[in-house]
Amino acid sequence: MIASKKIVIVTQDSKIIRHFPSECQLEVVSSIKFLDTMIYGFIPDLIVVDSIYDFDVQQLRRNENFRFIPVLILSENLSLLTRFSDMLNLPRVMICSLHLIENPEVKKRIRQILESRKSFLPPKTSSIVKLSLRFIEERFAENITREMIAKNVGSCADYLSRVFKKEMGLNLWDYVMAVRVSEAKILLERTGLSVKEIAAKTGFRDPSYFNRVFRREFGLAPGSIRDD
């Protein structure tokens with residue numbers, strides 16, 4: 001049962017806790033170095049790492065206590081993950097944009113991971129997904145396609161779409177759209193750019209389509225973000 005599962009969250013932002021199943025046993029530490037001190041009293045079923053760009057998963061895996069524990073890395077910017085290439089072929093490691101942690105399908109995927117470590121893809125297959133995540137984050141504002149993403153990671157579009165869904169919990173193109181509207185929401189909150197300008201900056205060529213996707217994702221129109 002998921003109520004018996006234990007999650008360690010490495011973060012300096014306590015607000016992130018609310019995004020994880022409340023019925024689980026949660027422990028929060030501010031640094032990965034504190035894991036060694038708590039392992040004998042609290043062996044987690046999942047380690048969540050929030051925005052630690054130089055986080056060394058290989059070092060974690062060398063510790064016998066953490067060798068098989070799933071790791072979820074939440075990142076605001078994958079291009080700043082200095083050890084990104086080191087993570088590609090490690091088992092039971094999932095990477096996700098920090099901005100998508102509220103996505104219902106991503107939350108469902110996290111529950112699946114807690115229920116079964118066998119839900120992970122083989123490392124080689126998972127590496128294709130991770131590479132596509134980085135490509136999406138770096139190029140989401142451009143006129144990208146499924147085929148373009150697949151070609152960049154050495155795959156075909158149909159195969160990438162299948163394994164992406166298994167790894168991330170949501171469809172490849174839904175992930176692209178979620179990244180775009182999440183970035184748009186940040187721009188709405190932090191800049192004075194017009195809605196039309198923000199739509200263009202986040203990969204939407206049609207402002208009306210941007211409005212529909214944004215409303216579907218957040219339940220309100222883009223302009224309402226500023227009204228609040």
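The model is predicted. The protein chain has 228 residues, and 49% of them are buried. Its secondary structure amounts to 11 helices and 5 strands.

**Overall form**

- The radius of gyration of the protein chain is 18 Å, which agrees with the value near 17 Å that a compact globule of 228 residues would have.
- Taken along the principal axes, the box filled by the C-alpha atoms is roughly 55 × 40 × 30 Å.
- Of the contacts between residues at least 6 apart in sequence, 60% join residues at least 24 apart.
- The protein chain has an accessible surface of about 11,500 Å², and carbon and sulfur atoms account for 49% of that surface.

- Strand β5 spans residues 93–97 and is mostly covered, with 5 of its 5 residues buried.
- V93, I95 and S97 point one way from β5, while M94 and C96 point the other way. The residues on both sides of the strand are buried.
- Strand β4, residues 71–75, pairs with β5 in the parallel sense, and the pairing runs over 5 bridges.
- Within this pairing, the bridge partner of L74 in β5 is C96.

**Salt bridges**

- Side chains of opposite charge can pair when their charged atoms come close. In this model, 10 salt bridges are counted.
- K130 and E167 form one of these salt bridges, with their closest N and O atoms 3.5 Å apart. The pair links distant parts of the chain, since K130 belongs to helix α5 (residues 123–139) and E167 to helix α7 (residues 157–168), 37 residues apart.
- Both partners of this pair are buried: K130 has a relative accessible area of 1%, and E167 likewise has a relative accessible area of 1%.
- R139 forms a salt bridge with E142, and here the closest N and O atoms are 2.7 Å apart. R139 is partly exposed at 28% relative accessibility, and E142 is partly exposed at 35%.
- R146 and E147 meet through their side chains in a salt bridge of 3.8 Å, N to O. R146 is partly exposed, its relative accessible area being 27%, and E147 is also partly exposed, with a value of 47%.
- A network of salt bridges links R146, E147 and D158.

**Cysteines**

- A disulfide is a covalent bond between the sulfur atoms of two cysteines. The search of the whole structure finds 0 disulfides.
- For C96, the closest cysteine sulfur is that of C24, at 17 Å, which is too far for a bond. The cut-off for a disulfide is a pair of cysteine sulfur atoms within 2.5 Å.
- C96 is buried, with a relative accessible area of 1%, whereas C156 is partly exposed, with a relative accessible area of 43%.

How values were computed. Residues are numbered from 1 along each chain as its sequence is written. This is a predicted model: local features need pLDDT of at least 70, side-chain atom pairs count only at pLDDT 80 or more; totals for chains, interfaces and linings use all residues. Side-chain values use heavy atoms; hydrogens and water are left out. Buried means under 20% relative accessible area, exposed over 50%, partly exposed in between (1.4 Å probe, protein chains only). Helices (H or I, at least four residues) and strands (E, at least two) are DSSP runs, numbered from the N terminus. Two strands pair if DSSP finds at least two bridges between them. A salt bridge is a side-chain nitrogen of Lys or Arg within 4 Å of a carboxyl oxygen of Asp or Glu. The radius of gyration is taken over C-alpha atoms; the globule rule is 2.2 Å times the number of residues to the power 0.38. Contact means heavy atoms within 4.5 Å. Accessible areas come from the Shrake-Rupley method with a 1.4 Å probe; for residues, only the protein chains shown count as cover.
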